[in-house]
Structures are given as C-alpha cells and as structure tokens.
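Trainee: Please show me how to read the main features of a model. Take them one at a time.

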Amino acid sequence: MSSPILHSTLPPRAAAQAPIVLGWRELVTLPSLGIAAMRAKIDTGARSSALHVDAQWRLVEAGAPWVGFRLRPGALGAGEIEALAPVFDEREVTDSGGHRTRRVFIRTVLSLAGSECEIDINLADRRGMRFPMLLGRTALARAFTVDPARSFLHGRARRRPPRA
C-alpha cells in the first residue's frame, strides 16, 4: 500500500507565498485527533513525521483497515486521548540509530502557525524522547522553513500554576 509523498495541501494562493518560518520546536495541533498544543520537534533531518502512542491496535471499519491508539500528548491539563484513524500506509522507517521498523501511517490535519495542511504521520513509541511529536521534512515542504536558532515562534504553552 505504497503512496507518493504528501506535501502540504494549502490553498494554491497560500502555497505560492513565502514559507512560514518555524523554530526548531513549536506547539502543534492535530484537530482531527482531538490533540491541542502538543510540543513538537521540527526536524529537517527526519523524512517522515512521528507521533508517540502508548498503545495501538488494528480494526476493520466498512472493510477498510483502521488503527486505534492511545496517547498522553503532554498538553496543558490534557489527560489520555484515544483516537481512531484509517490506515493510510504501512512502511519501513529507519530511526536515528539506524534501526528499521515497520510502522503504520495515518493522514491527518496539522494546524501550525495559523496554517492548516494535511500530513502523514507514523505511529511510534517515542517514550523517553523529549517531544511526543517529530515533524519531518515532508510535512514542512512548500509551506514552512526552519530557523534552527529559534524556538516557539508561534506561541508557548502556558505554564501550570503551582499547586497550593
């Protein structure tokens, strides 16, 4: 079930404009999955985007493969989120340590810096990583550019008030 690389699906007028500058880390929203204000590492060295999930399972809906998954996005006051999405693809991914694993990919809407586009994300165990999401270069193509010296150019998470 191989597919072409998906680039951002911004309207033609927006895609023709200068790319939006991002820092090396930003807050992203995945509204179709109910995920708001998740910290993401913007990584031009990674081809694909990855989302940490604590658990995932397969199911069939109307004869098509779907994946269910559970995660804690680390957003302000956000608890555990459970979501379902159609399986878009399944392919080998090589991690930064050179290990190859077969991963499930879903396609969903990314909201970032006042812009929305559809991206492909693989579901992975990123436990122990500082960021629950990695935004790779195929999601950045045509719409964004990165200033590696800056971070959170499009908003920071509000800190929780100290507990009394």
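Trainee: Which residues have the most contacts inside the largest nonpolar core?

Mentor: In soluble globular proteins, nonpolar side chains tend to be buried together. A nonpolar core here is a set of buried Ala, Val, Leu, Ile, Met, Phe, Trp, Tyr and Cys residues joined through side-chain atoms within 4.5 Å. Buried means under 20% relative accessible area, exposed over 50%, partly exposed in between, with a 1.4 Å probe and protein chains only. The largest core has 31 residues, and Leu51, Phe69, Met133 and Leu135 have the most contacts inside it. Strands E2 (25-30), E3 (35-42), E9 (100-112) and E10 (115-124) are among the elements that each supply at least two residues of this core. Helix H2 (137-140) is another of these elements.

Trainee: What should I know about the model and its numbering?

Mentor: This is a predicted model: local features need pLDDT of at least 70, side-chain atom pairs count only at pLDDT 80 or more, and totals for chains, interfaces and linings use all residues. Residues are numbered from 1 along each chain as its sequence is written, and side-chain values use heavy atoms, with hydrogens and water left out.

Trainee: What is the strand order in the open sheet of three strands?

Mentor: Helices (H or I, at least four residues) and strands (E, at least two) are DSSP runs, numbered from the N terminus. Two strands pair if DSSP finds at least two bridges between them. Here the order is E5-E6-E7, with antiparallel pairing. E5 (55-61) and E7 (81-86) are the edges; each has a single partner strand, so one side of each lacks a neighbour in the sheet. Six bridges join E6 (residues 64-71) to E7. Gly68 stands opposite Leu84 in E7.

Trainee: How many aromatic pairs are there?

Mentor: Rings of Phe, Tyr and Trp (its six-membered ring) pair if their centres lie within 6.5 Å; planes under 30 degrees apart count as stacked, over 60 as edge-to-face and the rest as tilted. The count by this rule is one. The ring centres of Trp24 and Phe131 are 5.8 Å apart and the planes stand at 80 degrees, so the pair is edge-to-face. The two residues are 107 residues apart in the chain.

Trainee: Is Trp24 buried or partly exposed? Is Phe131 buried or exposed?

Mentor: Trp24 is partly exposed, at 27% relative accessibility. Phe131 is buried, at 4%.

Trainee: Where is His52 found?

Mentor: His52 is in strand E4 (residues 49-52). His52 is buried, with a relative accessible area of 9%.
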